[in-house]
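Please look through this briefing with the structure open beside it, and follow each element as it is named.

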Amino acid sequence: MKLTTITMVTVDGVMQGLGAPDEDRRGGFERGGWVAPLFDNEAMTSLNQVYQRADAFLFGRRTYEIFAGSWGVMPDPSADPIAEALNTRPKYVASTTLTDPRWANTTVLSGDVAAAIGELKAEQEGELQVHGSGALIRWLLENRLVDEITLFVCPVVVGQGTRLFPDAGPDTALDLVESRTTPRGVMIQVYRPTGRPEAVGL
């Protein structure tokens, strides 16, 4: 499987609490709910298409629980392309604390997560998508398990909150595969990691 990460971020790289003011207040974050005023129809259509092409999903525990409590309890998932994808395709959760997942078709990866993901990538076809799950994405990048990165960069500077890329992390060269901008200024950028960057200078 190809492992892809899909992340909505601000121009200053914040991915925390995008959906609602009280979604994630860790660290005293007070500026949640920033994505809705900026996500136009074209961005939403693109995101729907991303979900529809997924063959399976991989989550960190916190994002899994948020999604299970919203998308997982919709009365008619078939009415929404994102809910339909999430409720009908296999879900994997990287967690050492989740023992009883209640969302159907969920498998918990709690042992050697790198080996388990490596097996999924090697033995199955299709696309394994990671949405949200910032800590997991940072770990996947550090372990060179990511094949493609999609960013929905929203035209706002939030000024606080957890950022997608850490202050100190692995350096990664990227090839730009696709780039476009929606009418309200959401930049959709698709990258493929290509290893370590080349040194610049003498």
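Axes are lines fitted to C-alpha atoms, for helices over the stretch in contact, and angles run from 0 to 180 degrees between N-to-C directions. With that in mind, in this predicted model helix α1 and helix α3 (residues 81–88) pack at an angle of about 15°, with their axes 9 Å apart.

**The helix pair**

- Angles under 35 degrees count as roughly parallel, and α1 and α3 are therefore roughly parallel to each other.
- The α1 side of this contact consists of Met44, Leu47, Asn48, Tyr51 and Gln52, while α3 contributes Pro81, Ile82, Glu84, Ala85 and Leu86.
- Sorted by class, the residues in the contact of α1 with α3 are 7 nonpolar, 2 polar and 1 charged.
- Where the two helices pass each other, α1 makes a left-handed crossing with α3.

**The sheet**

- An open sheet is formed by 8 strands, which follow the order β4-β3-β2-β5-β1-β6-β8-β7 with mixed pairing.
- At its edges lie β4 (106–109) and β7 (174–181), each of which pairs on one side only.
- On average, and with direction ignored, neighbouring strands of this sheet are turned by 20° against each other.
- Strands β2 (residues 56–60) and β3 (residues 91–94) run parallel and are joined by 4 bridges, and Gly60 stands opposite Ala94 in β3.

**Helices on the sheet**

- Helix α1 (residues 41–53) packs on the sheet, where it touches β1, β2, β5, β6, β7 and β8, and its direction makes about 135° with that of β5.
- Helix α2 (residues 61–70) also packs on the sheet, touching β2, β3, β4 and β5, and its direction makes about 115° with that of β2.

Definitions and conventions
Residues numbered from 1 in each chain as written. Predicted model: local features only at pLDDT ≥ 70, side-chain atom pairs only at ≥ 80, totals over all residues. Heavy atoms only, no water. Pairing = 2+ DSSP bridges. Contact = heavy atoms within 4.5 Å. Parallel < 35°, antiparallel > 145°, perpendicular 65-115°, else oblique. Left-handed = near helix turned anticlockwise from the far one by under 90°. Nonpolar A, V, L, I, M, F, W, Y, C, P; charged D, E, K, R; others polar.
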